[in-house]
Amino acid sequence: MKNQGLILKTVNLNDNDRIFTVLTRDSGKITVMAKGIRSQKHKCFSAMQQFCYSDFVLERRTGMYFPVEARVIENFYNLRNSVEKLALAAYITDIVSAIPEEFPVEDEYFSFILNTLFLTAKADAEKQGIPELLRLKAIFELKTVCENGYMPEVTKCECCGSAKNIEYFDITNGRVICKDCKDKPVNADVIKITPEVHKSLYSICESDMRAALSVRPTEQTVRLLSEAGEEYLKNQMDIYLTSLDYFKNLIVKDV
Ligand SMILES: [Zn+2]
């Protein structure tokens with residue numbers, strides 16, 4: 001089978017072999033087992049590193065795939081020049097691994113994942129790059145929830161229909177609430193948002209995925225959006241990962 005795929009996860013099996021979770025363009029997530037791949041002499045070695053997007057020729061035996069050939073298309077090399085960027089990339093690929101199989105990966109979302117990794121690799125490695133990483137994180141989280149069937153109502157207050165004075169994001173029900181209706185949602189987690197955060201939420205959720213990646217709010221708004229993004233992902237899709245804690249611990253010293 002010929003396929004293009006992004007390596008989401010690698011697990012060492014023993015001294016020589018490794019198991020990979022690969023998100024393929026045509027066949028969703030698959031498990032690939034490669035013998036002897038931990039040796040640099042293996043012909044697929046460079047194309048089968050974590051975060052590599054590669055062209056594969058695979059052979060299927062006993063329910064598992066084995067690489068026949070692999071060639072790197074993009075290895076997002078610059079992810080490796082900062083621990084923060086690597087941590088965000090690991091969080092992004094962990095999110096993709098955690099998406100339940102019943103949601104097929106659409107072509108547009110596949111490209112969105114690659115574009116997010118590309119922009120993460122491109123971000124400044126130094127301290128000024130942290131808001132950019134948080135921006136990418138927030139957009140990735142919000143769009144992932146939208147793509148998987150939980151598009152929030154962000155144009156107007158869902159209780160009264162008003163488009164004015166939107167002050168809350170109801171992450172349990174996926175909607176925004178105005179100042180006058182703030183007591184109406186029961187048993188719901190709501191986050192207080194600023195007009196800027198509301199505007200960005202609207203731009204991100206209502207744009208296509210490519211356009212969403214060019215939404216550039218102020219740094220303060222980015223930080224609030226990042227909190228909203230992870231809460232929304234946790235609430236709607238039950239995805240909360242240890243790689244998120246790791247990423248947040250790394251950047252907290254820079255806040
Ligand atoms: Zn209202």
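**Zinc site, strands and cores**

Val176 in β7 is the bridge partner of Phe169. Helices (H or I, at least four residues) and strands (E, at least two) are DSSP runs, numbered from the N terminus. This is a predicted model: local features need pLDDT of at least 70, side-chain atom pairs count only at pLDDT 80 or more, and totals for chains, interfaces and linings use all residues. Residues are numbered from 1 along each chain as its sequence is written, and side-chain values use heavy atoms, with hydrogens and water left out.

**Strands around β6**

- β6 and β7 run antiparallel and are joined by 4 bridges; two strands pair if DSSP finds at least two bridges between them.
- The two strands β6 and β7 form a hairpin with 4 residues between them. Gly174 in the turn has a positive phi of about 65°.
- β8 also runs antiparallel to β6, through 3 bridges. Ile191 in β8 stands opposite Phe169.
- Because 4 of its 5 residues are buried, β6 is largely enclosed by the rest of the structure. Buried means under 20% relative accessible area, exposed over 50%, partly exposed in between (1.4 Å probe, protein chains only).

**Zinc site**

- Cys157, Cys160, Cys178 and Cys181 coordinate the zinc ion through their SG atoms, at 2.3 Å. Donors are N, O and S atoms within 2.8 Å of the metal (3.2 Å for Na, K and Ca); water is not among the atoms, so sites may look incomplete.
- The donor residues follow the spacing C-x2-C-x17-C-x2-C.
- Cys160 sits in the loop between α3 (130–147) and β6 (166–170), and Cys181 in the loop between β7 (175–178) and β8 (190–192), so this pair ties together parts 21 residues apart in sequence.
- The 4 donor atoms subtend angles of 104 to 114°, which makes the arrangement tetrahedral. Four donors count as tetrahedral if all angles lie between 85 and 135 degrees.
- Cys160 is partly exposed, at 42% relative accessibility. Cys181 is buried, at 3%.

**Nonpolar cores**

- The largest nonpolar core has 65 residues. Such a core is a set of buried Ala, Val, Leu, Ile, Met, Phe, Trp, Tyr and Cys residues joined through side-chain atoms within 4.5 Å.
- Phe169 is among the residues with the most contacts inside this core, as are Phe76 and Phe140.
- α3 gives the largest share of this core, 10 residues.
- Leaving aside neighbours within four places in sequence, Phe169 is in contact (heavy atoms within 4.5 Å) with residues including Pro152, Leu201, Ala228 and Tyr232.

Methods:
Four donors count as tetrahedral if all angles lie between 85 and 135 degrees; four count as square planar and six as octahedral if opposite donors are over 155 degrees apart and all others between 65 and 115; anything else is irregular.
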